[in-house]
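Subject: Structure handover and findings

Dear colleague,

Please find below the structure that I am handing over to you. My findings follow directly after it.

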Amino acid sequence: VTDPDASVPHEVTDPGFVHYDPAVSPDGQWIAYVSQLTGSDEIFKIRRNGTGNTRLTDNVWEWDKHPAWSPDGTRITFWSNREGRKQIYVMAADGKDVRNVSANAFNDWDPEWVR
């Protein structure tokens, strides 16, 4: 990440682990991302300065991937195979109130918010 006050990029996540799919919040203060820090693909959020790292999902073997912020920054959408197939979920930005919004017999993945 390169902060507005710094010209040199710096790592904000834990080195030595796989982290990917970063999504910056609309206000630019948070980054939602996928991490294998726990051994499975989980969604975390962290401030741009590297503080406040918070795990938002908690699974044993399932994948939670491709987070995307709502335009107002209050929710995050992602896809997960926690019900056996890829489905689209929405949760509050703090990881609470997780809901399957696609809820169908097909695989759905890589959600994006549209304004």
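The notes below cover the sheet, the nonpolar cores, the salt bridges and one proline. Please keep in mind that this is a predicted model.

Sheet

An open sheet is formed by four strands, arranged in the order β5-β6-β7-β8, and their pairing is antiparallel. Strands β5 (64-69) and β8 (99-100) are at the edges; each has a single partner strand, so one side of each lacks a neighbour in the sheet. Within the sheet, β6 (residues 75-80) and β7 (residues 87-92) are joined by six bridges in the antiparallel sense. In this pairing, arginine 75 lies opposite alanine 92 of β7. As background, the strands of a sheet pair through backbone hydrogen bonds, in either a parallel or an antiparallel manner.

Nonpolar cores

The largest nonpolar core has 12 residues in all: Ala23, Trp30, Ala32, Val34, Ile43, Leu56, Trp69, Ile76, Phe78, Tyr89, Met91 and Ala93. At least two residues of this core come from each of β2 (30-35), β6 and β7. The strand that gives the most to this core is β2, with three residues. There is also a second, separate core of five residues, among them Val12, Tyr33, Phe44 and Ile46. In general, nonpolar side chains in soluble globular proteins tend to be buried together.

Once its neighbours within four places in sequence are left aside, valine 34 is in contact with Val18, His19, Tyr20 and Asp21, with Asp41, Glu42 and Ile43, and with Asp64, Lys65, His66 and Pro67.

Salt bridges

The count of salt bridges comes to five. One of them joins the side chains of aspartate 41 and lysine 65, at 3.2 Å from N to O. This pair links distant parts of the chain, as aspartate 41 belongs to the loop between β2 and β3 (42-47) and lysine 65 to strand β5, 24 residues apart. Are these two partners buried or exposed? Aspartate 41 has a relative accessible area of 5%, which is under the 20% limit, and therefore counts as buried. Lysine 65 is buried as well, because its relative accessible area is 15%.

A further salt bridge connects the side chains of glutamate 42 and arginine 55, at 3.3 Å from N to O. Here too, distant parts of the chain are linked: glutamate 42 is in strand β3 and arginine 55 in strand β4 (residues 54-55), 13 residues apart. Arginine 55 also forms a salt bridge with aspartate 58, where the closest N and O atoms are 2.8 Å apart. The accessibility of its members is as follows:

- Glutamate 42 is buried, with a relative accessible area of 0%.
- Arginine 55 is partly exposed, at 34% relative accessibility.
- Aspartate 58 is exposed, with a relative accessible area of 62%.

Proline 22

Proline 22 is located in strand β1 (residues 19-24). Its relative accessible area is 64%, so proline 22 counts as exposed. Apart from residues up to four places away in sequence, proline 22 touches Ile31, Ala32 and Tyr33. Of these, Ala32 is a member of the largest nonpolar core, while Tyr33 is included in the second one. Between proline 22 and arginine 48 the C-alpha to C-alpha distance is 11 Å, and 26 residues separate them in sequence.

Yours sincerely

Technical notes
Residues are numbered from 1 along each chain as its sequence is written. This is a predicted model: local features need pLDDT of at least 70, side-chain atom pairs count only at pLDDT 80 or more; totals for chains, interfaces and linings use all residues. Side-chain values use heavy atoms; hydrogens and water are left out. Two strands pair if DSSP finds at least two bridges between them. Buried means under 20% relative accessible area, exposed over 50%, partly exposed in between (1.4 Å probe, protein chains only). Contact means heavy atoms within 4.5 Å. A nonpolar core is a set of buried Ala, Val, Leu, Ile, Met, Phe, Trp, Tyr and Cys residues joined through side-chain atoms within 4.5 Å. A salt bridge is a side-chain nitrogen of Lys or Arg within 4 Å of a carboxyl oxygen of Asp or Glu.
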